[in-house]
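Trainee: I am new to this structure. Please take me through one part of it closely, the sheet and what surrounds it.

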Amino acid sequence: MHTADIGVYGLGTMGSALALNMAEKGFNVAVTNRETDWIAEFVKEAGSLSTNLVPNSELTDFVASLKTPRVVLFMIPSGKPMDDMIAQISPLLEAGDTIIDGGNADFNETRRRSAELAERDLHFVGMGVSGGEEGARKGPSIMVGGTPHSWQQLRPMVEAIAAQFEGSPCVDHLGTDGAGHFVKTVHNGIEYADMQMLAEIYGLLAKGEGRSAEQIGDMFATWNEGTLQSFLVEASAAALKSVDAATGKPMVDVILDKAGQKGTGRWTVIEALKLGVSASAIEGAVGARIWSAAKDTRMTAESTFGNTTQAIDFPSDLDLAKAMEAARIISHVQGFEVLRAASDTFDWNLPMARIAEIWRAGCIIRSKLLDDLAAAFREELPHDNLLLAPSLVARLQDCVPSLRRVAAAGVLGGYAMPSFVGAIEWFDSMTHGRGTANLIQAQRDFFGMHGFERLDQEGKHHGDWLREI
Ligand code: 6PG
């Protein structure tokens, strides 16, 4: 009784891996699962780590086995299953206990659950865990949202199991209620953009230049040696160089071109727009996944419109690498802008530099760039905007001409590059002190008397509009 430091409910891939990781770090972990026959199997497979596991098939015994104040980590599907489990377990808990949702959850639900449980003196933590199964087992990046009380309870455990970057654990308390799940959602939005940009380069080279999957994989492997070093570049290189045992063809050549999504990238875009921020590189990636799903329409449209591609001056490999660097910087800047808007709206006071730091290892978007961004956050940031960090300005000045050439090659050649094009469109909009919204304001006033500000006078004005042309 009362011996376990934490309880893990849900022994699927991620739950099992986190439970084993904690057991390995010396914590006593109570474990249980909805399908109770999994529990014994899990404990058997844990081998010598089973001495640190406390298996229970009854929820009451599971709760009773926890040290107080209790910490229960749920690793179950988001949505209704989480609400159902909160309803079942909360009558068994006492004031000061903490329930953690460690899945990818909609932060709006996390905020609602936090408020509901707070009324009963229970604490709710929305905890983003990134790094897939291997990360969860060997060291994930962990984004915690919740009360300082819960953070105190959790901290020794999550710091022990998280990935380490040069001795610093890739975990932190980022803010109250939905902060952790929101940051994880934006992490995934950036993940979508990074994956999409690599797929766009692949498409341009494979379709436009006829390069083989292996050759493109070799190029990505070279990228991984330099400033573009990242897990996703490395994973894409390995995926492109992998061969299907059944056919002897590159694996990617036998995979149907319809992308799945569980929805976190789409949430990023929805929430960004609700907050009044547009993250165009991420929007491009979400759109691309949605369009990819319309396989039948695409097949018919291809035969209807015929070959819409045309010969282009092909960008050099150096241009491609620099374009990737610029677009990647832009998608991250956009992601951090979404975080800033949410932080202001929900009073989270998100620690931006720290977020960049805890993304440097363990998570899916880990990259050399994130180390540079963590440093950039400590520079003088005019308008508090990462785009204007002196070190990034210099890099963008060097790389944006390549981004422009690569995006233009896609557009002129007829190869879809929505994330690259979204990135350069945003850059060109944000780097013109005077844009074109003066005409939008004129149009709004012309037909709706919405009024506008003038450059030369204070206040709100209406135009002397011609009513006929
Ligand atoms: C991570 C990943 C992880 C998972 C996504 C994939 O950080 O470990 O983001 O959460 O890979 O769920 O999401 P999609 O199925 O939407 O691509």
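**The sheet, strand by strand**

Mentor: Strand β6 and strand β7 (residues 141-145) are joined by five bridges and run antiparallel. Keep in mind that this is a predicted model. Within the pair, Met127 stands opposite Val144 of β7. Helix α5 packs on the sheet here, touching β5 and β6, and its direction makes about 150° with that of β6.

Now step back to the whole sheet. Eight strands form it, and it is open. Their order is β3-β2-β1-β4-β5-β6-β7-β10, with mixed pairing. At the edges lie β3 (53-55) and β10 (171-175), each pairing on one side only. Neighbouring strands are turned against each other by 25° on average, direction ignored. As a general point, strands of a sheet pair through backbone hydrogen bonds, either parallel or antiparallel.

Next, look at the other side of β6. Strand β6 covers residues 123-130, and four bridges join β5 to it. These two strands run parallel. Ile100 has Val125 of β6 as its bridge partner. From β5 the chain crosses through helix α5 (residues 107-118) to β6, and this β-α-β crossover is right-handed.

Strand β5 itself spans residues 98-101 and is covered on both faces. Thr98 and Ile100 are buried on one side. Ile99 and Asp101 are buried on the other.

Strand β4 (residues 71-74) runs parallel to β5, and four bridges join them. Val71 stands opposite Thr98 in β5.

Setting aside neighbours within four places in sequence, Ser78 is in contact with Asn104 and Ala105. Glu380, by contrast, is 302 residues from Ser78 in sequence and 40 Å from Ser78 in space, C-alpha to C-alpha.

Back to the sheet. Strand β4 also pairs with β1, in the parallel sense, over three bridges. Here Tyr9 has Phe74 of β4 as its bridge partner. Strand β1 (residues 6-9) is covered on both faces. Ile6 and Val8 are buried on one side, Gly7 and Tyr9 on the other.

Strand β1 pairs with strand β2 (residues 29-32) as well, in the parallel sense, over four bridges. The bridge partner of Gly7 in β2 is Ala30. The chain crosses from β1 to β2 through helix α1 (residues 13-24), in a right-handed β-α-β crossover.

Finally, turn to a pair of helices. The axes of helix α8 (residues 179-209) and helix α12 (residues 280-293) come within 8 Å. They cross at roughly 70°, so α8 and α12 are roughly perpendicular to each other. From α8, the contact uses Gly189, Ile190, Tyr192, Ala193, Met195 and Gln196. From α12, the contact uses Ala281, Ile282, Ala285, Val286, Ala288 and Arg289. Nine of the residues in this contact of α8 with α12 are nonpolar, two are polar and one is charged.

How values were computed
Residues are numbered from 1 along each chain as its sequence is written. This is a predicted model: local features need pLDDT of at least 70, side-chain atom pairs count only at pLDDT 80 or more; totals for chains, interfaces and linings use all residues. Side-chain values use heavy atoms; hydrogens and water are left out. Buried means under 20% relative accessible area, exposed over 50%, partly exposed in between (1.4 Å probe, protein chains only). Two strands pair if DSSP finds at least two bridges between them. A crossover is right-handed if, with the strands pointing away from the viewer, the path from the first strand over the helix to the second runs clockwise. Axes are lines fitted to C-alpha atoms, for helices over the stretch in contact, and angles run from 0 to 180 degrees between N-to-C directions. Angles under 35 degrees count as roughly parallel, over 145 as roughly antiparallel, 65 to 115 as roughly perpendicular and the rest as oblique. Contact means heavy atoms within 4.5 Å. Ala, Val, Leu, Ile, Met, Phe, Trp, Tyr, Cys and Pro count as nonpolar, Asp, Glu, Lys and Arg as charged, and the others, Gly among them, as polar.
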